[in-house]
Each structure stands twice: as C-alpha cells, then as structure tokens.
Amino acid sequence: MGVLQPLKKVFIIPFPNGLGHIRRMSILSNELTKKFKVSLVIYKGKTKQVLDRKIKKVNVNLRNYNYFNFYSKLIKLQSVKENIKCCDIIISDNIHEFTKLNKKVYIFANFFWDKIFKKKDNLKLKKGDKIFCNYIFKTGHIKKISHHNIPFFQKKIKSNSLKKNILISIGTSSYKISKSSIRSINQKLKSNIFKKYKFYVDPKIFHQLKKNKNVFKANYSQKMYKKTKYAIIKPGMGTIEECLKHNVAIFAFKKNMNFEFYHNSNALVKNKLGVSTNTLESSLHLLSKKLNEKNYKLNTKSLKWNGEKKISNILYKYSL
C-alpha cells in the first residue's frame, strides 16, 4: 500500500468590492475542502457566507483600500504573508498582480481591472499560471491568454411559476441616480401595472422609494432570489449569476458605466439571457411592457453549471 500524500494547500483571496466576488469564492472554498487544505481571506464588515469548518479563515480589516492599492496593502499583512509562504496554490479573484509571486497562481477573472483602470496592455501570466473564466462572459483580452472555460457556479434552482417580485439593484460600486430619475421611478412604481408586484430595492436607494407600499429593502439572500421573477440590474457578474440560477428575467442598464458592465450587457443580449437599456428608468419602462407578454422567455435551459466542481478537478489534476 502506497503512502498517502499530504493534501495540497490552497490560499484563496477574494476581491472585497462586491457580494458576488465573496459569495463565489466562498462556494469555491467549500468545494475545494474535499481535495485540498483551504485558507480563505475574510473581510471584516462584509456579508458572511456559510463556510465549511475545515476552512482556515484569514481575517483581514482593510481600511482605505481601493483597486489601485489593494494588492500592495494586502501583501504587507503578516497573516497574508504566512499563508502565501506555506501554500502550494494561490487563487486570486481578478487581481493580476499576484502572478508576481513565486507561487502557482490561478486568477478567476472575465476581464483584468489592470487593463480597464490602469490602461495596461499586453498583460501576461508567468509560465504555469492560468485563468479561470466564465465560458460566456469572458472578454477579448482574456481569450488571448491561457485559460480554462468555467460554467456558472452551483446548479440551477427549480423555478416557482407563481412568484411575482421584482428586484431593483444598482450594485456595490458607485452609481448616481438623479432626483428627476427617482421621481420618474416613484411614479412608475405607483402605476396600476405594478400594483400586483412587490419590489425588492437596493439599500442605497431604498430610502428614496420606501414611501411606496409595495417597496421592501433587498437583502440579496437566496430566499429573496427564489421569490423574484424580474430583475432590473447594474449587470455585475455576481448578480447576473444569481438571477440565471434562480430563473430571474434580467433587464440590465449600462449608461455611464465602465467596460465590464457594457460587456456583460452585450453578452446577455447576444446569448438571449436578458435585455439591455441605457438607464434604470428605461429598464423599468421596458419591463412594464413585457409583463403582459406570455411568450417572453429566457434562454437558460442550455446553460452549464457546477463551475466550482470543474475548478476543483482541474486543480487536483495539476497538483498530482
């Protein structure tokens, strides 16, 4: 009988700006515990996820961070240094700079923020490093680099045909809505066509719309998504994935947003997974027209799922 080899150590570093990033890396961490020893960076004050007890939590309190200083601030923390030193594999959530380290690095990314915000061209990985990217939403500059196409995470939830709730989400990053837009949205919510519907509204604008009796604060829980039929969203990947998983019809708005959201909006339309407009209020107007269309359906039956399992299998294969 051969000697059992110790489990390889994986250190997972989510980017903290967005519930979708943290939720996705938590799901992946739980899956990887079946084949690896897993350490996961946990950010103070961020939404907690259900984690396997075997996961080592690396608690981090990052103050005054932003995309530009995230890597330089994080890499100086002693707890992070210790986990980088002893790990076999690093999984970085989008941050390209971790490829500088003398470690095997996998980056989960559909695009590089370095390219969008720092205007860097010809981004490369060191030999042996690779990218995990969603097979539908990956961008052109990711396609040119060595990568693995990954399905959506987890599996599709059976849809409740009786659900009638509507989500209005503006995402975690900055998005300004004018007073005139808020007035327009309020008028629309009071119209007869929406009387039968309950609205889950993003906490950032809830106080401006809460006078409507059919408006409630969105908490982005799985329970909320299970009760939601339509979603008007700033099209971040985390929100898109949750909507597709719960068979929620997507109405994306993209005016005055960066490349990520334009790309995601175009991919939704191209793959018949949602519709796209310029503004939140125009999405709400379009939704009011679509409510009575019996033939309005999503093209979600052929979507691929269990992406976290595919990543686990790939890592295990390369770690033997």
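A residue counts as buried when its relative accessible area is under 20%, and as partly exposed when that area lies between this cut-off and 50%. With that in mind, this tour visits the aromatic rings of a predicted model, in which a search of the whole structure finds 15 aromatic pairs.

Begin by selecting Phe-36 and Tyr-316, whose ring centres are 6.4 Å apart and whose planes stand at 80°, so that the pair is edge-to-face. Phe-36 belongs to the loop between α1 (19–32) and β2 (37–43), while Tyr-316 belongs to helix α12 (residues 307–319), and the pair therefore ties together parts that are 280 residues apart in sequence. If you colour by accessibility, Phe-36 is buried, because its relative accessible area is 3%, whereas Tyr-316, at 37%, is partly exposed.

Next, select Phe-137 and Phe-152, another edge-to-face pair, with ring centres 6.3 Å apart and planes at 75°. Here Phe-137 lies in the loop between β6 (130–134) and α5 (140–143), and Phe-152 in the loop between β7 (147–150) and β8 (165–169), so this contact ties together parts that are 15 residues apart in sequence. Phe-137 is buried, at 0% relative accessibility, and Phe-152 is likewise buried, at 0%.

Finish with two places where a lysine meets a ring. Select Lys-130 with Tyr-318, where the charged end of the lysine sits over the ring, 5.2 Å from its centre, and then Lys-234 with Phe-261, where the lysine lies over the face of the ring at 4.8 Å from the ring centre.

Methods. Residues are numbered from 1 along each chain as its sequence is written. This is a predicted model: local features need pLDDT of at least 70, side-chain atom pairs count only at pLDDT 80 or more; totals for chains, interfaces and linings use all residues. Side-chain values use heavy atoms; hydrogens and water are left out. Rings of Phe, Tyr and Trp (its six-membered ring) pair if their centres lie within 6.5 Å; planes under 30 degrees apart count as stacked, over 60 as edge-to-face and the rest as tilted. Helices (H or I, at least four residues) and strands (E, at least two) are DSSP runs, numbered from the N terminus. Buried means under 20% relative accessible area, exposed over 50%, partly exposed in between (1.4 Å probe, protein chains only). A charge sits over a ring if NZ of Lys or CZ of Arg is within 6 Å of the ring centre and within 35 degrees of the ring normal.
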